[in-house]
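Please open the structure in your viewer and keep the selection tool at hand. The tour goes from stop to stop, saying what to select and what can be found there.

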Amino acid sequence: MHRSTALPLIAAITINHIVGAQTCKAPEHPFFEYQVATAALFVGDSASRPRPASQREQRQDSSALIVSFVVDTLGLTDWRTLKILQTPSKAAADSVRAVIGSWRFTPALVSDCRVPQLVMTTVVH
């Protein structure tokens, strides 16, 4: 094999195996939790606030801060999709708006492909 033909082949193989790259078809819309095999999961620092509540911390009362947003295929939150569904105060909602871009998740999976997922969660503040 000539050196000139080996380089494009190596480059093509490298591009196809870049960490984070996937060959799955991108969905037209985010999935709901019940539609995915593995749901998006928060992996941030449990000491930082505000942050999504763990299952143990979830609560449904009038003082809860409940939000929805899309987690993309890289595990990043799409702040443009943030909806404050319930909040005890404007200050609590503003604190979530300020930090949502720093939250990280493991992406949702469907058939071993990362997919965007609509997440609805209680926030610990």
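What follows is a walk through a sheet, a helix, a loop and a surface patch.

Before selecting anything, note that this is a predicted model, in which local features need pLDDT of at least 70 and side-chain atom pairs count only at pLDDT 80 or more, while totals for chains, interfaces and linings use all residues. Residues are numbered from 1 along each chain as its sequence is written, and side-chain values use heavy atoms, with hydrogens and water left out.

**The sheet.** Start with the 4 strands that form an open sheet in the order E2-E8-E3-E4, where the pairing is antiparallel. Strand E2 (51-52) and E4 stand at the edges with a single partner strand each, so one side of each has no neighbour in the sheet. The names come from DSSP runs, numbered from the N terminus, with helices (H or I) of at least four residues and strands (E) of at least two; two strands count as paired if DSSP finds at least two bridges between them. In general, strands of a sheet pair through backbone hydrogen bonds, either parallel or antiparallel.

**The hairpin.** Next, select residues 65-71, which are strand E3, together with residues 77-86, which are strand E4, and you will see an antiparallel pair with 5 bridges. Ile66 stands opposite Gln86 in E4. Between E3 and E4 lie 5 residues of a hairpin, and Gly75 in its turn has a positive phi of about 85°.

Now move to E2 and E8, which pair in the antiparallel sense over 2 bridges, and find Pro52, which stands opposite Val123 in E8.

**The helix.** Select residues 90-99 to show helix H2, which lies across E3, E4 and E8 and runs at about 165° to E4. The angle is taken between N-to-C directions, from 0 to 180 degrees, using axes fitted as lines to C-alpha atoms, for helices over the stretch in contact, where contact means heavy atoms within 4.5 Å.

Most residues other than glycine have a negative phi, yet Ser111 has a positive phi near 50° and Asp112 one of about 65°.

**The patch.** Finally, select Phe32, Tyr34 and Leu118, which form a nonpolar patch on the surface with about 340 Å² of accessible area together. Of these, Leu118 is placed in strand E8 (residues 117-124).

Conventions:
Patches are made of residues with over 30% relative accessible area and no salt bridge: like charges are joined within 9 Å, nonpolar side chains (Val, Leu, Ile, Met, Phe, Trp, Tyr) within 5 Å. Accessible areas come from the Shrake-Rupley method with a 1.4 Å probe; for residues, only the protein chains shown count as cover. A salt bridge is a side-chain nitrogen of Lys or Arg within 4 Å of a carboxyl oxygen of Asp or Glu.
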